[in-house]
2 protein chains.
Amino acid sequence: MHALSNTKEVREVTDGSFLSPKGFKAAGVEAGIKGNKKDIGLIVSEVPAVCAAVYTTNQFQAAPLKVTQESIAKEGRIQAVVVNSGCANACTGEQGLKDAYETRKMVADKFSLQEHLVAVASTGVIGVNLPMEKITKGIEQLNPGSSAAAAADFQHAILTTDTVMKTCCYSAVIDGKTVTMGGTCKGSGMIHPNMATMLGYITTDALVDQAALQLALRNVTEKSFNQITVDGDTSTNDTVIVLANGMAENKTLNAAHPEWDVFMELLTKTSESLAKQIAKDGEGATKLIEVEVRGAQDSLDARMMAKQIVGSSLVKTAVYGADANWGRIISSIGQTKGAINPAAVDIAIGPIVMLKNSEPAAFSEEEALEYLKGDFVQIFVDLHNGDASGKAWGCDLSYDYIKINASYRT
Amino acid sequence: MHALSNTKEVREVTDGSFLSPKGFKAAGVEAGIKGNKKDIGLIVSEVPAVCAAVYTTNQFQAAPLKVTQESIAKEGRIQAVVVNSGCANACTGEQGLKDAYETRKMVADKFSLQEHLVAVASTGVIGVNLPMEKITKGIEQLNPGSSAAAAADFQHAILTTDTVMKTCCYSAVIDGKTVTMGGTCKGSGMIHPNMATMLGYITTDALVDQAALQLALRNVTEKSFNQITVDGDTSTNDTVIVLANGMAENKTLNAAHPEWDVFMELLTKTSESLAKQIAKDGEGATKLIEVEVRGAQDSLDARMMAKQIVGSSLVKTAVYGADANWGRIISSIGQTKGAINPAAVDIAIGPIVMLKNSEPAAFSEEEALEYLKGDFVQIFVDLHNGDASGKAWGCDLSYDYIKINASYRT
C-alpha cells in the first residue's frame, strides 16, 4: 500500500507512522493529568539513536527543555522520549526543574537506560507544577509496543486542544537499503514557532552523522515548522526531535554521502507534512492557508512576507468569511521591511488574479467566493523584484478560536 | 466646567473638542460613499496653521498621504484638512494619485486657499478608486461651523467600524495666555500603528515653531499612538496631523521656551487620550487593556514588551474570558528580544500578584475573576532588571472581532 509516489526517490508510506522505521516502539496511557484522556506518551528505540533537536527561542524555556538539552549534550544520542500533556512545566522555578529530572530518572530506571539517553517534554498550562504522583503512576503503566494502536496511543497522549492526530511516513532507498522516516507532532494554539514548533517527533532507521543531522534539521525547520503560525504566540516549550537509530544499515549519512539529497528530501517532506498538519488543525481553524511569495530578492525576505500575510488577523478573518479582501494582503506585505517595488506587485487568490503591477484587476466576485469556500486556500504574491521564493502556512481565524481561548485554563 | 485638573499646569476641558482652540471650524456631510452615513469631513483654520505630521511606515502608503506630504513640505503650514471614509484610496495606482490631487484642488477652490495649504486623507476599503462624483458633490455641501454639532459632524464623518467618536481637550496657561489643544481620531481595525495611527487630528491655538512641533509629535507618538494595537495590522493610511494656528498669541514655542514642558504635557495628554480611546474601541472590544512594564534596561525594551503582551491573541482572548492566565503574559515577554533576567520577573493583573521572582504566587481565583470582569484591565510586569518603564494599550479579542472582519468588504 505504498500509494503516493512524490518523487522518484522518496515515496509516501500512506499507512505508516513514526513506528514504521525499524526498532521503535511507543506507548500512551491515562495518568489522570487531563481527566480521562491519554496524557503520558513514550517513544523508545531498541538501540540508542543519534539525536538532533531544535527548541523554542522564547526566553522562558520550560524546565523539560533544559533537561533534554543536557541529555543530548552528553553524547548526542537518545533512546527514549517521555512526554506529558496537560501541564507545560514552564515558569515553575526550581521545583519544575527538579520534577523534570525526576521524570527522566523514573523512565531511565524503568527501561534500564542511562539517564542521559532519556529526553523529557511537557505541554499544557504554563505556571503549574507537574502532578508527580500521577506522573509516577503513569510511567509505571507504560508498556511500549510497535503496533498501529501503540502509535495512536502515543499520538493521543501528546495532544492538547488539537482535534486530530498528526502523522506521516516516507521511505527511500539509500545504499541499496530501505530507509524509512516517520513523524508525529502536536500543536494547535500558541503556534508561531521560531526555531522549532510545539512538540514534533521524527523517527528514522537511517544511519546518520549527528552533526550533519543537527544541521539538516535546523535548515529544514527554517522552511517548515518555522513557517507556520496559528496565533503569533511563540510557546515556551517548542521542541522538534529527530531520532535516527541506524537500523536500516546504510552507510553513515552526511553531506558527502552521494545520496545525502535523498535523505534531505525525506526530512523535508516529513517536516513539511507535519507543519502543514499543525497549521490545518490550528485552534478553531476551518481552512488551511498556504501563502507563496515569489520574485523576492532573497528567500529570507520571501518567507518573512509569506509568514506576515498568513499571520495577519485581518487576512485570517477574511479567509474565514470567504471575502476576497486582497487589500489586507498587500497591507501585510507593506508592513514588513522586505525589499519590494511598490509599483510591481501581483496578487492572486487561488487561480484568480486580483492585483497586477500594483493596479487592481477586475475579477468575478462569485468565482472568488466559490474558491474561498473551499478548505484549502492558496495565496500567491509575485514581487517581480528577484528570483527567490518562500512559503508559509496558517489557518483562518474563527469564532471557535475565541471560544477555545477565552477559557482554556479554567 | 473645566472639571478635571490633571496636573498643576494642564487641565482637562471636559466639554471641549478639537474646535475649542481659537480659530477652527469643521463640517461633516453625507456624500453617499457609505450609504446614508456621514463620510466627508473638513477641518479649517481661520489662518494657515503650523503643521506637523507622522505617517504609517507601511511600504504601500496610500495616495492621499503622498499628496499631504507634498502639501506640508511646501511651507510647513496647513489651513484645511479634508477626509473621506468608506474608501481608503490605497493601492489604486495612478488614478488614485490623480483623485487625491483633484480632491485637494476642489477644497482649495471652494475655500479660496492655495492648494498646498490643503491636506487630504482617506480611510476605508483598500484597492477601490474614490467615487469622484460623490466626492465632488460632498465637498460642495461642506459648510464649516464652530459649534459642538459641527465638531460631532466631522467626528462622525471619519469613522469606519468605530462604535464611538473619539475626542478630548486640554488647556494650559503659557506666557500668561490660555492655550487650548483638542483632538479627534478614528480607528478600530487594522490598528497596530508604527509612526502614527489611523487618522488623528490635533488642533491648538498655540504659536509653535514648526521644527519643534514636528520633533515633539514624533517623540510623543512613539509613546502614545505607536503603543496601541488592536490586531497587529499596520494600515496603509495611518496619519496624525497637528495644526497649530498661533491664535492664542503666546510667544513662539520651542525647546528653549521656559514653558515648553507645559506644551509637551498638553501634546502628551492629548495623544495618550486619543490613543487609549482607539484601543478601547478596537473592533469587537469589550475591555481596554493597559500593560505597564517596569524595571527594564531601557524604555524601548519596556515599550516593546508591553506592546507584545497587549498584542498577544492568547492574552486578549484570556482577558475576554476573564481568565487569569498569566502564563500567556510571561510567554509573550519571552518571545521578544528584550533584556530580561528569566528568574526575576513579577507579574500582577490589577492588584493581584500572580508571579514573584518568576515563581508562581498563590492567589484567589475568585478575586481575579471579579477584577477581570471589569471593562479596564491593567497588567503590571516588573523585570527587576533596570529603571526604565513603558506602557501599551489594547483591547480584548471577542467573537465580534471575527464577525466584523469576516465580511468587512462584501
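Buried area is the accessible area, taken with a 1.4 Å probe, that two parts lose on being put together, summed over both. In this predicted model, domain 1 of chain A and domain 2 of chain A bury about 1,200 Å² between them, with 58% of that area on carbon and sulfur atoms.

The domain assignment of chain A places domain 1 at residues 11-277 and domain 2 at residues 288-405, and the C-alpha centres of these two domains lie 32 Å apart. Contact between them involves 14 residues of domain 1 of chain A and 14 residues of domain 2 of chain A. Of the area that domain 1 of chain A buries against domain 2 of chain A, 50% is supplied by A:Gln227, A:Thr229 and A:Lys276, more than by any other three residues. A:Lys276 also takes part in a salt bridge with A:Glu290, the side chains meeting at 3.8 Å, N to O, and the count between the two domains is one salt bridge. Five residue pairs, both at pLDDT 80 or more, are found in polar contact across this domain interface. On the side of domain 1 of chain A that touches domain 2 of chain A, the elements giving two or more residues are α5 (210-223) and α6 (260-280) of chain A, and by class this side has three nonpolar, six polar and five charged residues.

| Interface | Buried area | Share on carbon and sulfur atoms |
|---|---|---|
| Chain A and chain B | about 4,700 Å² | 53% |
| Domain 1 of chain A and domain 2 of chain A | about 1,200 Å² | 58% |

The contact between the chains takes 60 residues from chain A and 60 residues from chain B. Across the interface of chain A and chain B the rule finds zero salt bridges, while eleven residue pairs, both at pLDDT 80 or more, are in polar contact there. At least two residues each of the side of chain A that touches chain B come from α2 (93-110), α8 (313-320), α9 (327-334), β13 (359-360) and α11 (399-405) of chain A, and α9(A) gives the largest share, seven residues. The residues of this side divide into 22 nonpolar, 27 polar and eleven charged.

In chain B, helix α9 (residues 327-334) holds B:Ser332, which counts as buried because its relative accessibility is 0%. Leaving aside residues up to four places away in sequence, B:Ser332 touches A:Asp233 of the other chain as well as B:Gln308, B:Ile309, B:Ser312 and B:Val315. The C-alpha atom of B:Ser332 is separated by 8.9 Å from that of B:Gly311, 21 residues apart along the chain.

Technical notes
Residues numbered from 1 in each chain as written. Chains lettered and ligands numbered in written order. Predicted model: local features only at pLDDT ≥ 70, side-chain atom pairs only at ≥ 80, totals over all residues. Heavy atoms only, no water. Helix = DSSP H or I, 4+ residues; strand = E, 2+ residues; numbered from the N terminus. Buried < 20%, exposed > 50% of the residue type's maximum accessible area, 1.4 Å probe, protein only. Contact = heavy atoms within 4.5 Å. Salt bridge = Lys/Arg side-chain N within 4 Å of Asp/Glu carboxyl O. Polar contact = N/O pair within 3.5 Å; in protein donor to acceptor, adjacent residues only side chain to side chain. Nonpolar A, V, L, I, M, F, W, Y, C, P; charged D, E, K, R; others polar. Domains from an automatic or database assignment.
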